[in-house]
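Q: Hi! Could you walk me through this one? I'd like to go piece by piece.

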Amino acid sequence: MLILMKLDAPRSDVERVKEKILSLGYATHEIPGEARIALGITGNRGKIDPELFLNLPGVLDAIPVTKPYKLASKDFKATKTTVPIGNESIGSNELTIIAGPCSVESRQQIIDTAGILKELGIKFLRGGAYKPRTSPYAFQGLKQEALQYLQDARTVTGLKIVTEVKDTETLPLVSECADVLQIGARNMQNYSLLEAVGAQSKPVLLKRGLSATIEEWLMAAEYILNGGNPNVILCERGIRTFETATRNTLDLNAVPIVKKLSHLPIIVDPSHGIGVWEGVIPMSLAAVAAGADGLMIEVHHNPETALSDGYQSLKPSKMKLLLEQLQQLAPIMNRTITR
Ligand code: PEP
Ligand code: MN
């Protein structure tokens, strides 16, 4: 339920409503906004009777929220969320470009790649340290060693680090290194992990599960928000369908639908979405045309030798070409892309 207060309601009225909510055993969330004072209620299992609040001084309306997710919904927060990351942010007018290899393979590789990307004007470096692989025989990542190399790449270039956290055990280590914690598709419904990243303050990039509906994805985001971390960025990375010509089916429908349902920023990962490098540029442009707040692109200096996902990785020269094309597209979409 959402309690709307009169704009001129004194603070004491707002506090009285909050006390009432707490006395009923629910949680209350004051929702910032210039045009209204609103209090969200979560923690209720059944319907709440609006009459409980309508007679309290200062209350304008009590609106039931029927969606199963609340804090992630536009009902609770109408204005778009911008996630601050140091001197950068995700969800503003500026398109966010996150680029880098699927996996960190060596210190040299990640520092060289970071340097090339920085020259292209990119602000966020991706690179997996702990890799959740379908096969136990596939490269599992350099783990702690890779975290050190990522930190070195940040020291050398100043790029912000986006890297995946695979489990709660390694969360303290990974969050020491990461500027943004990535939750991978396979972990979208790992509720212990969602609760753990919700209880800490680093921003979270939440990838859509392999077969997750948009509602399930927003419910996963709700876990993080409900834990107290407001800094969630959604990432569409393709879903499983009957199609076998591509690795996944990039669901660009999700972009306008998520924007209608949620205030959270949404970026698109066309690399995993289509799974072949030739498709990455067209699908990147399509994602931005659909309204995405940014892109996550796998880039490798020598894709043929990559230890994971080489076939879907762009060479730096192709990444440069993509950025040139994005620069032409951005103004049409009322976006900026500084380089
Ligand atoms: C990745 O970003 O390299 C990755 C493993 O992605 P996903 O979780 O979307 O498969
Ligand atoms: Mn990958």
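Q: How do β7 and β14 run, and how many bridges join them?
A: Strand β7 (residues 96–100) and strand β14 (residues 294–298) run parallel, joined by five bridges. Strands here are DSSP runs of E, at least two residues, and helices are runs of H or I, at least four, numbered from the N terminus. Two strands pair if DSSP finds at least two bridges between them.

Q: And what stands opposite T96?
A: That's G294 in β14.

Q: Which sheet do those strands belong to?
A: They're in a closed barrel of eight strands, β7-β8-β9-β10-β11-β12-β13-β14, with parallel pairing. The twist averages 25° from one strand to the next.

Q: Before I go on, what kind of model is this?
A: It's a predicted model, where local features need pLDDT of at least 70, side-chain atom pairs count only at pLDDT 80 or more, and totals for chains, interfaces and linings use all residues. Residues are numbered from 1 along each chain as written, chains are lettered from A and ligands numbered from 1 in written order, and side-chain values use heavy atoms, leaving out hydrogens and water.

Q: OK, which strands does α10 lie across?
A: Helix α10 (residues 280–289) lies across β13 and β14, at about 165° to β14. Contact means heavy atoms within 4.5 Å. Angles run from 0 to 180 degrees between N-to-C directions, with axes fitted to C-alpha atoms, for helices over the stretch in contact.

Q: What about α7?
A: Helix α7 (residues 214–226) lies across β11 (204–207), β12 (232–236) and β13 (266–268), running at about 160° to β12.

Q: Switching to ligand 1: which residues surround it?
A: Among them are C102, R126, K131, E164, H272 and E298, each with a heavy atom within 4 Å of the ligand.

Q: How much of the ligand does the protein cover?
A: 97% of the 300 Å² of accessible area that ligand 1 has on its own, by the Shrake-Rupley method with a 1.4 Å probe.

Q: Last one: what order do the strands take in the open sheet?
A: The four strands go β2-β3-β1-β4, with antiparallel pairing. β2 (27–31) and β4 (59–63) are at the edges with a single partner strand each, so one side of each has no neighbour in the sheet.
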